[in-house]
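Subject: Structure for your files

Dear colleague,

Please find the structure below, with my notes after it. Have the coordinates open while you read.

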Amino acid sequence: MLGIAFATKSNFGLSMIAAGPYILHIYFRDIFAWFTQGTAEYIYEAILLIILTIILKKFELKYLLTFLEALIAGFVLDGWFFVLGGNGPAETLAGRIAFLVLGLVVTALGVAFFFKTSYPLQVYDFAVVKIAEKYNLSQSKTKFGFDITMLIISLILSFAFTHKLTGMGIGTIITTLLNSTVISFWSKLIDKFEVR
């Protein structure tokens with residue numbers, strides 16, 4: 001969540017997955033004062049989880065654990081914005097660039113650590129795993145399709161709610177191109193220090 005907070009403060013664009021909740025936050029914050037970016041995150045994930053349940057035509061108890069993880073993540077995201085002085089952009093170009101780099105590095109490190117745990121997957125990753133299992137698809141192809149779907153949804157939300165491109169930009173492109181490489185780097189580094 002710290003990586004998303006940094007990326008938000010860069011104002012260069014979020015990942016295709018983080019952009020959707022951000023767009024909802026931008027639209028609804030003026031209507032509902034309590035609609036923080038963290039709130040938007042767990043509401044967005046709840047909607048995706050409901051859609052996943054409909055697609056899979058089943059519900060399991062672990063789906064609730066996945067949502068609980070999303071709820072905690074939303075509160076943690078808002079906590080980071082409190083520490084960082086809000087989710088508005090950094091005042092200088094150098095600050096924005098630093099936040100973009102920090103966002104990429106910290107998010108990739110978090111994902112690398114997360115994959116090493118036995119905690120429930122975040123809704124996004126959980127959806128990829130479950131859809132790949134149900135339709136007997138490779139996870140990499142399912143992930144690619146899921147990412148494209150999230151990009152399309154974010155674009156639709158952006159133009160429907162803000163009538164312009166919101167939450168996406170050069171940072172989205174940079175993150176998309178470098179994210180898996182940086183995650184792989186951190187993952188290999190973690191493996192070197194992992195106690196067995």
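Predicted model: local features only at pLDDT ≥ 70, side-chain atom pairs only at ≥ 80, totals over all residues.

Residues are numbered from 1 along each chain as its sequence is written, and side-chain values use heavy atoms, with hydrogens and water left out.

Helix packing

Helices (H or I, at least four residues) and strands (E, at least two) are DSSP runs numbered from the N terminus. Axes are lines fitted to C-alpha atoms, for helices over the stretch in contact, and angles run from 0 to 180 degrees between N-to-C directions. Angles under 35 degrees count as roughly parallel, over 145 as roughly antiparallel, 65 to 115 as roughly perpendicular and the rest as oblique. Contact means heavy atoms within 4.5 Å. For residue classes, Ala, Val, Leu, Ile, Met, Phe, Trp, Tyr, Cys and Pro count as nonpolar, Asp, Glu, Lys and Arg as charged, and the others, Gly among them, as polar.

Helix H3 (residues 37-56) packs on helix H4 (residues 61-83) at an angle of about 160 degrees, and their axes are 7 Å apart. H3 and H4 are therefore roughly antiparallel. On the H3 side the contact includes Tyr42, Ala46, Leu49 and Leu56, and on the H4 side it includes Phe67, Leu71, Phe75 and Phe81. By class, the residues of this contact are 11 nonpolar, 5 polar and 2 charged.

H4 also packs against H6, at an angle of about 150 degrees and with the axes 9 Å apart. H4 and H6 are therefore roughly antiparallel as well. Lys62, Tyr63, Thr66 and Ala70 of H4 make this contact with Val123, Phe126 and Lys130 of H6. The contact of H4 with H6 divides into 4 nonpolar, 1 polar and 2 charged residues.

With H1, H4 packs at an angle of about 50 degrees, the axes being 9 Å apart. That makes H1 oblique to H4. The crossing of H1 and H4 is right-handed. Leu2, Ile4, Ala5 and Thr8 of H1 meet Leu77, Trp80 and Phe81 of H4. The contact of H1 with H4 has 6 nonpolar residues, 1 polar and no charged ones.

For burial, buried means under 20% relative accessible area, exposed over 50% and partly exposed in between (1.4 Å probe, protein chains only). H1 is mostly covered, with 9 of its 9 residues buried. Among them are Phe6, Lys9 and Ser10. The cover over the buried residues of H1 includes H2, H3, H4 and helix H5 (93-115).

Nonpolar cores

A nonpolar core is a set of buried Ala, Val, Leu, Ile, Met, Phe, Trp, Tyr and Cys residues joined through side-chain atoms within 4.5 Å. The largest one has 34 residues, and Tyr44, Leu52, Phe146 and Met150 have the most contacts inside it. Two or more residues each come from helix H1 (2-10), helix H2 (16-28), H3, H4, helix H6 (123-134) and helix H7 (139-162). H2 gives the largest share of this core, 8 residues. Another core, of 7 residues, lies apart from it and includes Leu104, Ala108, Ile183 and Trp186.

Which residues does Met150 touch, not counting residues up to four places away in sequence? They are Met16, Ile17, Tyr44 and Leu48.

Single residues

Asn11, in the loop between H1 and H2, has a positive phi of about 60 degrees although it is not a glycine. Asn11 counts as partly exposed, at 43% relative accessibility.

Lys57 is in the loop between H3 and H4. Lys57 also is not a glycine, yet has a positive phi of about 60 degrees. At 73% relative accessibility, Lys57 counts as exposed.

Ser158 lies in helix H7. Is Ser158 buried or exposed? Ser158 is buried, with a relative accessible area of 0%. Leaving aside neighbours within four places in sequence, Ser158 is in contact with Ile23, His163, Lys164, Leu165, Thr166 and Met168.

Regards

Terms used:
Left-handed = near helix turned anticlockwise from the far one by under 90°.
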